[in-house]
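Here's a short tour of one model, starting at the ligand and moving on to a stretch of sheet. Keep the structure open while you read.

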Amino acid sequence: MFTEDHGPVPAGRPAQAAAPHLTNFDVAVIGGGPAGSAVATRLADKGWTVVQFEKDRHPRFHIGESLLPRTLPLLEQLGVLDDVARIGVTKHAAEFWSSEHGRFVEFPFAEALDPNPPYAFQVRRSEFDELLLRNSAAHGVAVKEGWRVESVELDAPDSCRLVARDPSGQATHWQSRFLVDATGRDTFLATRLATKTRNKQHNSAAIFGHFRGAQRREGRAEGNISIYWFEHGWFWMIPLRDDIMSVGAVCWPYYLKSRRVPVDEFFLSTIALQPQVQARLAKAELVSDVTATGNYSYQSTGMYGRNYLMVGDAFAFIDPVFSTGVHFALSGAFAGADAVDAALREPARATAHLAAHQRRLKRGLKTFSWFIYRITTPAMRHLVTNPRNMFRIRDAMVSLLAGDLFGKTSIHARLSLFRVIYYLHVLAAPRVNLAAYRQRRRNVDGPELRAESATHAGDSR
Ligand SMILES: Cc1cc2nc3c(=O)[nH]c(=O)nc-3n(C[C@H](O)[C@H](O)[C@H](O)COP(=O)(O)OP(=O)(O)OC[C@H]3O[C@@H](n4cnc5c(N)ncnc54)[C@H](O)[C@@H]3O)c2cc1C
């Protein structure tokens, strides 16, 4: 049993006078982000009764605006692909600015090993998440918006119990056979179960906001996500509808820790450190709050128990560089819904179903993590900006960037070859790469940071 203060119930606590009224569902989902809405929709489609709690009210701002091609078939199965296309900007490629060549190096999704679909979308998450939550309700899920889950009990024989505070502040009591935690970075269960671990291999922070009037790329490149390295990390530029550009800098925490001025001023001075980003924003106006967010690389040691499962960021989050967050959230939700369905039908085999799901997802995370940990190293920067397609290794990289990790495409052997080439590059320039490695270790072990945001006139969200 767990209480609000995240600890076990102390022995000897007096029993409650009267049992509270319990409302019953097959599955309770905590969280109304992409992971929560997808898992709830899928389970309702399979015939289970589902209640979904979201503490906020949609539309609400969320970061994570660049989607991957491989997410599109999942959106289609949820029945929202046309709606997402309507709110999105079409993204044909990811591109990295090469200061060596003075131009972008593009990775067009049409050149992936399996180029289907050859594009994705950039979306405002306020619109995207609302669409998915409304869709969840349309599929029969009992959506409780503005309801915060405060405590859960997982140790009753055939059920989970939870307490949720309704919008008027009243505590309400619920019972379900299974619980899905989709609370994102709040990591509701991992925090209470003390299974959340800081990623010892990675550590970063981000500062971001929306601009109006930024210079957009031309033609088919207009919807590309543009990535630029700079001395403290890297920038993203993500074009959204209505002439809005999402701009963010993902930095080592020491850099954000050096801030002595208001967060929006710091953001603008950070942008001034990257001439290409600054040039594209020369005529643009900051139209949103600027948000700074602290160390976010973590993982729970396990994602499931007999009657619960964590999906999306509630289980793990590494880094945004490959725009994988929403894809992992939805892939985890789809596979997770199958595992929960199987667990409810065959309780005796619940653990086997959930274990198989965990193995698959952890493997995907591991593949991405190897690239993420090295993205700012000299060897990786060289290979990304000078891609070679020997044995279709470059096309496998495009497949990785498209999120093609959980299908049948044979990318793993080619990515292993890429790793060999990477280490050969490291060996070819040992001093510079050793220095980079040591600096990286210092950065990873660096200071902890807390999230913060500042208000700036206007808000495009
Ligand atoms: C700087 C940065 C940039 C990123 N960029 C990208 C990107 O370009 N593309 C991409 O795909 N991903 C990106 N991500 C990752 C992406 O934001 C997440 O991976 C994604 O939102 C995970 O979805 P989720 O449904 O698991 O969690 P969330 O989207 O966080 O949803 C969790 C929901 O649970 C609700 N909740 C929490 N606690 C409770 C409670 N107790 N009771 C009720 N409700 C609760 C929250 O209000 C929230 O709505 C980025 C992340 C960061 C930090």
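Which element gives the largest share of the shell around the ligand? That's α9, with 4 residues. Bear in mind that this is a predicted model. In total, 40 residues surround the ligand, and the closest are G33, G64, G184, G312 and G325. Besides α9 (325-345), the elements that give two or more residues to this shell are α1 (34-45), β2 (50-54), β8 and β12 (205-212). Sorted by class, the shell has 16 nonpolar residues, 16 polar ones and 8 charged ones.

Now for the sheet, with strand β9 (residues 159-165) as the one to follow. In a regular strand the side chains alternate between the two faces of the sheet. On β9, C160, L162 and A164 make up the covered face, while S159, R161, V163 and R165 sit on the uncovered one.

L162, from the covered face of β9, is a handy landmark here. V152 stands opposite L162, and in β10 the bridge partner of L162 is W174.

What about the turns? The hairpin from β8 to β9 goes through 2 residues. The hairpin of β9 and β10 has 5 residues between the strands, and G169 there takes a positive phi near 95°.

Notes: Residues are numbered from 1 along each chain as its sequence is written. This is a predicted model: local features need pLDDT of at least 70, side-chain atom pairs count only at pLDDT 80 or more; totals for chains, interfaces and linings use all residues. A residue is buried if 20 or more other C-beta atoms lie within 10 Å of its own, exposed if 12 or fewer, and partly exposed in between; C-beta atoms are placed from the backbone. Two strands pair if DSSP finds at least two bridges between them. A residue is near a molecule or strand if its C-beta atom, placed from the backbone, lies within 6 Å of it. Ala, Val, Leu, Ile, Met, Phe, Trp, Tyr, Cys and Pro count as nonpolar, Asp, Glu, Lys and Arg as charged, and the others, Gly among them, as polar.
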